[in-house]
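Here is a set of questions and answers on a two-chain model. Please read them with the structure open.

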Amino acid sequence: MLRRLGLLDFNFLVKRVARHPGKTEIPAGELWLVIDGGVKKWACLSCPGGCGVQISLSLNPERRPRWEVDQDFWQRPTVSPSIHQQKMCRCHFWIRKGMILWSKT
Amino acid sequence: MQTQNPGDDSHIPLEDVSAAIREGRSLRLAHLYRIMVADEQLNERNLDLGDPVPTGRQILQAAGVRPVADYSIYAILPSGEFEDLRLDETYDLRERGAERFVIFQTDRAFKFTIDDRQMEWGKPSISGKILKTLAGVPTDTYDVYLEVRGGGQDVLIRDADLIDLSKPGIERFITLIRDTTEGLAALPEADLRYLDSHGFAVEVVGDGTHTGVVLKQMQLPQGKFNHPAADVLVILPPGYPDVAPDMFFCDPWLTLVSAGRYPTCADQPHAFMGRNWQRWSRHNTNWRPGVDGLHTMIKRIEHALAEAK
């Protein structure tokens with residue numbers, strides 16, 4: 001709604017789910033945050049670099065690689081650090097306040 | 001099959017098969033050979049056998065299960081695969097590279113899902129490698145996780161890890177391709193805020209080993225160098241920001257307008273990411289872990305450029 005009014009700009013909005021989507025396709029524009037029992041486990045999205053493969057980012061602080069996801073009032077996610085696809089389309093990007101910022105490498 | 005002579009001094013008392021495998025050597029002649037045997041709950045215990053080429057029946061008897069015919073025994077190979085041992089089949093401990101065995105009663109089925117496909121497995125334990133094989137994904141490029149419900153991280157199951165399917169809550173496995181990494185630029189948040197708020201145009205580059213931060217077209221002291229601006233590279237060492245970056249690098253190469261030469265200790269080339277950088281050999285011995293970051297490094301660079309002679 002806000003987006004249609006041109007007030008809110010984003011490439012991704014957070015959708016909370018309790019279970020990992022497995023091989024379920026995630027619609028473009030959504031970042032599924034898997035939270036179960038109060039534990040943030042995964043951030044899942046379809047790769048925005050063109051290959052479309054599902055990316056599952058581990059939010060487990062005990063393991064590498066790992067990421068952190070925060071969201072603002074509008075459910076726009078900020079993911080850190082950046083996300084680097086090593087196979088498929090090899091894209092490298094940041095998600096900050098719901099926006100994709102492409103890295104040149 | 002028992003051929004050793006207990007009085008023969010060439011035999012050591014006990015050979016630990018797992019130690020031999022770990023050390024990559026063949027088994028020594030011994031009076032006893034120690035293997036590891038797990039039960040259905042995957043409780044492991046040592047078992048000492050007098051025969052380095054036991055049959056399945058011999059191992060079951062040594063493990064004390066009765067009647068032997070109601071049980072199955074599998075060798076767990078280093079790859080995580082199970083190898084079925086028949087009761088009267090001999091198994092040469094000296095050749096196989098397996099020192100772990102699992103014993104369980106047959107005629108049971110365990111249900112679970114992998115990638116939301118129903119699976120049934122006739123044994124209570126299963127390895128990560130078998131899970132991946134059942135899921136039909138390559139074992140070397142995929143990871144398999146056990147979903148943990150109700151508060152707990154999903155558990156990564158490595159190829160040779162064994163999961164007890166008879167435990168409650170062991171129901172759903174997911175496989176994920178292992179192709180995403182943290183960007184080479186795992187820059188600390190403090191650095192990002194600093195770079196953002198001070199208007200630095202930054203490119204983060206990496207050659208797989210080193211991560212570099214390129215400050216794009218950094219403004220140089222006016223009139224001092226043969227260029228008004230240059231790209232400045234900082235290479236982040238492993239362990240940054242607890243470990244200090246050392247030197248910095250400029251491209252294009254800078255000469256002092258006043259002297260017509262390179263500044264002191266800035267005349268060596270350094271190749272990084274296909275560019276030939278001018279190495280500015282300026283060292284930092286006062287790095288404060290937890291306090292210093294790119295902001296400190298940039299201040300040092302600005303100082304070094306201003307003071308260059």
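Helices and strands here are DSSP runs, numbered from the N terminus; a helice run is H or I with at least four residues, a strand run is E with at least two. The model is a predicted one.

Q: Where does D115(B) lie?
A: Phi of D115(B) is near 50 degrees. That is a positive value in a residue other than glycine. In terms of DSSP runs, D115(B) lies in the loop between β7 (110-114) and β8 (117-121) of chain B.

Q: How many residues of chain A are in contact with chain B?
A: The area buried between chain B and chain A is about 3,000 Å². Carbon and sulfur atoms give 50% of that area. On the chain B side, 33 residues are in contact; on the chain A side, the number is 40.

Q: How many salt bridges are counted between chain B and chain A?
A: One pair to look at is D36(A) with R149(B). Their side chains meet at 2.8 Å, N to O, and the cut-off is 4 Å, so the pair qualifies as a salt bridge. Over all chains the structure holds 22 salt bridges. Between chain B and chain A the count is 4.

Q: How many charged residues are on the side of chain B that touches chain A?
A: Across the interface, 10 residue pairs are in polar contact. On the chain B side, β13 (172-177), β14 (180-182), α5 (189-197) and β15 (202-206) each supply at least two residues. The residues of that side divide into 11 nonpolar, 10 polar and, as charged, 12.

Q: Which residue is the bridge partner of I83(A) in β14(B)?
A: Strand β6 (residues 77-85) of chain A pairs with β14(B). The sense is antiparallel, over 3 bridges. In β14(B), the partner of I83(A) is E182(B).

Q: Why does the aromatic pair of W42(A) and Y145(B) join two chains?
A: The whole structure holds 10 aromatic pairs over all chains. W42(A) and Y145(B) form one of them, edge-to-face, at 4.7 Å centre to centre and 90 degrees between the planes. W42(A) lies in strand β3 (residues 39-46) of chain A, and Y145(B) in strand β10 (residues 142-146) of chain B, so the pair joins two chains.

Q: How many residues apart are E15(B) and R25(B)?
A: The side chains of E15(B) and R25(B) meet in a salt bridge at 2.7 Å, N to O. The pair links distant parts of the chain: E15(B) is in strand β1 (residues 12-16), and R25(B) is in the loop between α1 (17-22) and β2 (30-38) of chain B. Their separation is 10 residues.

Q: In which strand of chain A is P81(A)?
A: A cis peptide bond joins S80(A) and P81(A), with omega about -5 degrees. The place of P81(A) is strand β6.

Q: Where is P67(B) found?
A: The peptide bond from R66(B) to P67(B) is cis, with omega near -15 degrees. P67(B) is found in the loop between α2 (56-63) and β4 (71-76) of chain B.

Technical notes. Residues are numbered from 1 along each chain as its sequence is written. Chains are lettered from A and ligands numbered from 1 in the order in which they are written. This is a predicted model: local features need pLDDT of at least 70, side-chain atom pairs count only at pLDDT 80 or more; totals for chains, interfaces and linings use all residues. Side-chain values use heavy atoms; hydrogens and water are left out. Contact means heavy atoms within 4.5 Å. Buried area is the accessible area (1.4 Å probe) that two parts lose on being put together, summed over both. A polar contact is a pair of N or O atoms within 3.5 Å; within protein, one must be able to donate a hydrogen and the other to accept it, and residues adjacent in sequence count only if both atoms are side-chain atoms. Ala, Val, Leu, Ile, Met, Phe, Trp, Tyr, Cys and Pro count as nonpolar, Asp, Glu, Lys and Arg as charged, and the others, Gly among them, as polar. Two strands pair if DSSP finds at least two bridges between them. Rings of Phe, Tyr and Trp (its six-membered ring) pair if their centres lie within 6.5 Å; planes under 30 degrees apart count as stacked, over 60 as edge-to-face and the rest as tilted.
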